[in-house]
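Subject: A structure for you to look at

Hi there,

Here is the structure I promised to pass on to you. Please open it next to this email, and then read on for what turned up in it.

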Amino acid sequence: MASLPLQSIGVGFDALRVNPLRTFLATLGVIIGVAALVAVLSLGDGMQEAARAQLAQTTDIQTVVVRPLRSETVDGQLFPIRDPVRFTVDDATALGALDGADGWGIVTTGRAEVRLGSPELRRMAMV
C-alpha cells in the first residue's frame, strides 16, 4: 500500500516529462492567473487608500448620525417596532462629551397631513 502513492507520484512526473509543452502552458497559466489576481487586488486597495487620503485632505468634518430603529423588515415586509428607543437631550449631551466630539445636535423628523387652502389633503415629511 505504501508504494501506491509513490507510484502515483512517479506517473505524474512521467506525464510532466512526456508532455513538456502542456506542462509549460499549464504552469504559465497558473502564473498569469495568480499575477492578475494580485494586480487587481492591489489596484483596488490602492484606489481605496487614494480616495481616503483625498477625502482626508479636502475635509475634516466627520458626522455620525445615531437613529433609533423604528421598523424592521421580515420576509420583505416592513413592520413597525412597538416601543422604539427615544433619545433625549441628556443622551445627546453624553455623546457630545465623548473624546473627539466637537459638538452635537438633535434633529426631529416626522410625517404630517396638511390642507393648504383646499379640501385636498397632502402628506409631508418634517425635519
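Predicted model: local features only at pLDDT ≥ 70, side-chain atom pairs only at ≥ 80, totals over all residues.

Which residues make a nonpolar surface patch of about 580 Å²? The patch is made by Val64, Val66, Val85, Phe87, Leu95 and Leu98.

Val66 sits in the loop that runs between α2 (20-58) and β1 (71-74). Its relative accessible area is 47%, so Val66 counts as partly exposed; to be called exposed, a residue needs over 50%.

Val66 also leads us to the largest pocket. About 1400 Å³ of space lies in that pocket. Its lining has 32 residues, and those nearest the centre are Val64, Val65, Val66, Gly105 and Val107. What sort of residues form the lining of the largest pocket? They divide into 16 nonpolar, nine polar and seven charged.

Now for the charged pairs. Side chains of opposite charge can pair when their charged atoms come close. How many salt bridges does a search of the whole structure find? It finds three, and here they are in turn.

- Arg17 and Asp14: the closest N and O atoms of this salt bridge are 2.3 Å apart. Both residues lie in helix α1 (residues 3-18), and they are three residues apart, about one turn of the helix. Arg17 is exposed, with 59% relative accessibility, whereas Asp14 is partly exposed at 38%.

- Arg122 and Glu120: in this salt bridge the closest N and O atoms are 3.6 Å apart. Arg122 is exposed at 54% relative accessibility, while Glu120, at 47%, is partly exposed.

- Glu113 and Arg123: these side chains meet in a salt bridge at 3.3 Å, N to O. The pair links distant parts of the chain, 10 residues apart: Glu113 belongs to strand β3 (residues 110-114) and Arg123 to strand β4 (residues 122-126). Glu113 is partly exposed, with a relative accessible area of 48%, and Arg123 is exposed at 72%.

Next, please take a look at Asp75. Its phi is positive, about 50 degrees, although Asp75 is not a glycine. Where is Asp75 placed? You will find Asp75 in the loop between β1 and β2 (77-80). Is Asp75 buried or exposed? With a relative accessible area of 80%, Asp75 is exposed, because the cut-off for that word is over 50%.

How far apart are Gln7 and Arg115 in space, C-alpha to C-alpha? The distance is 89 Å, and in sequence the two are 108 residues apart. Gln7 is found in helix α1, the helix that also holds Arg17 and Asp14. Gln7 has a relative accessible area of 51%, so Gln7 counts as exposed.

Best wishes

Conventions:
Residues numbered from 1 in each chain as written. Heavy atoms only, no water. Patch = residues over 30% accessible without salt bridge, like charges linked within 9 Å, V, L, I, M, F, W, Y side chains within 5 Å. Areas by Shrake-Rupley, 256 points an atom, 1.4 Å probe, with all protein chains shown as cover. Salt bridge = Lys/Arg side-chain N within 4 Å of Asp/Glu carboxyl O. Helix = DSSP H or I, 4+ residues; strand = E, 2+ residues; numbered from the N terminus. Buried < 20%, exposed > 50% of the residue type's maximum accessible area, 1.4 Å probe, protein only. 1 Å grid on protein atoms, 1.4 Å probe; cavity = no way out; pocket = protein on both sides within 12 Å on 5 of 7 lines; lining within 4 Å. Points joined across faces, edges and corners; volume = space filled by probe spheres on them. Nonpolar A, V, L, I, M, F, W, Y, C, P; charged D, E, K, R; others polar.
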